[in-house]
Amino acid sequence: MIIKPRIREFICTTAHPVGCAELVRDRVERLRGVRLDDAPKRVLVIGCSGGYGLATRIVCSFAGGADTVGVSMERAPEPDRTGSAGWYSNRAFEKLAADAGRRAFTHEGDAFSDEMKNRVADTIAEQFGQIDLLVYSLAAPARRHPRTGEVHRAVVKPMTPFSQLKTLDTDHGRVIEVSLGAATGSDLDDTVAVMGGEDWAMWIDALAHRGLLSPAFRTYNYTYIGADATRPIYGDGTIGRAKAHVEETAREIAGRLGAGRARVVALKAIVTQASSAIPILPLYASLLRAVMNERGGQEDAVDQILRLFRDVDPDRDVDEEGRIRLDQAELAASVQDEIRARWPHVTTETLATLADFPGYRAEQLGLFGFGVPGIDYSLDVDPMEAAFMERAA
């Protein structure tokens, strides 16, 4: 079939196999010659198929020489329907890792379930013996609790209602205003159940019970703190409440494993499927891209994760809350002052001069393998065929 992007709001319902594979290959090639001798060698990534999770797997394997296990929820392709972007990215990563002599095992399914935890534990026991690092980078809209069977759905709401919230209609490139009602108690509970730290702790407990954590074991949970512009919806809303629970969980896990063994890692804003769904963030990210491009210092997911493993001492390089911070460039006063100055003036008419919406949109399409330089999107591609890796070569 000839595969084209089919966009519904912030989600593309198709993915291009060759484009997804080429993006993974490009990130791997960027690390050619980079060596992280002290990086962990046996790594588990929960939420491995995109964004910071995929970047972690790539950096650990191709710069750090690690063998990895990854977990993500994906949709496999059918003869007349593409798989999810993550499904193709996982296949591409496994192929490139094998070519480089690295072992890579990927489990696709419900990371919240006991069944998945047991499957992954079996793989670790059989293939690695133990792991040195667990990275939790999972973004999911809902969670079936493995103990109660109840389905919790995360919501993005502020603590007080907003009637004129400026945001970006990415389908049409328009700056619009939306209204958001205040979160209820059940909204908070459900969002914490999905996005809080409980499942992270369950993973640690399940693997510790099997004796699968090495003496040098550490665990990271990736987070985003955000800036003043996003705080009413993000930091001070339902998501912020869930992130606070993650930080509490980090302290609880460290209490069991040892000081510094569990860290929350604050990363900069990047374009992901999850962030595209949060009001304010697409507009903020478009402004941030423009400002950081003008000032220099723009980083993508691979840049951030490479710095994490190359430059950070997790025992010392932390803030007053014990978090590792890699968001300093985004939150620099000069950057945030400029975003605050532009915010009241950004409209549909001024979007092209004050923000970088084309760059944001290109990244958004790139999440699904579209718009990748050098790919001929007019060619027929079999969504089931493994040869998409060779086509990307």
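Q: What kinds of residue make up the lining of the second largest pocket?
A: The lining residues divide into nine nonpolar, no polar and four charged, where Ala, Val, Leu, Ile, Met, Phe, Trp, Tyr, Cys and Pro count as nonpolar, Asp, Glu, Lys and Arg as charged, and the others, Gly among them, as polar. This is a predicted model, in which local features need pLDDT of at least 70 and side-chain atom pairs count only at pLDDT 80 or more, while totals for chains, interfaces and linings use all residues. Residues are numbered from 1 along each chain as its sequence is written, and side-chain values use heavy atoms, with hydrogens and water left out.

Q: How much space lies in the second largest pocket, and which residues are closest to its centre?
A: The second largest pocket holds about 310 Å³, a volume being the space filled by probe spheres set on the grid points. Of its 13 lining residues, Asp38, Ala39, Pro40, Tyr220 and Pro314 are the closest to the centre. A pocket here is an open set of points on a 1 Å grid over the protein atoms alone, where a 1.4 Å probe fits, with protein on both sides within 12 Å along at least five of seven lines, and lining residues have an atom within 4 Å of a point. At least two lining residues come from each of β6 (131-136), β11 (213-223) and α10 (301-311).

Q: Why is the pair of tyrosine 220 and phenylalanine 309 given the name it has?
A: Among the seven aromatic pairs of the structure, phenylalanine 62 and phenylalanine 93 make one that is edge-to-face, with centres 5.9 Å apart and 85° between the planes. Rings pair if their centres lie within 6.5 Å, and planes under 30 degrees apart count as stacked, over 60 as edge-to-face and the rest as tilted. The centres of tyrosine 220 and phenylalanine 309 are 6.3 Å apart and their planes stand at 50°, so this pair is tilted. Tyrosine 220 belongs to strand β11 and phenylalanine 309 to helix α10, 89 residues apart, and the pair links these distant parts of the chain.

Q: How do you know whether tyrosine 220 is buried or exposed?
A: Its relative accessible area is 5%, so tyrosine 220 is buried, the term standing for under 20%, with exposed over 50% and partly exposed in between (1.4 Å probe, protein chains only). Phenylalanine 309, at 15%, is therefore buried too.

Notes
Helices (H or I, at least four residues) and strands (E, at least two) are DSSP runs, numbered from the N terminus. Rings of Phe, Tyr and Trp (its six-membered ring) pair if their centres lie within 6.5 Å; planes under 30 degrees apart count as stacked, over 60 as edge-to-face and the rest as tilted.
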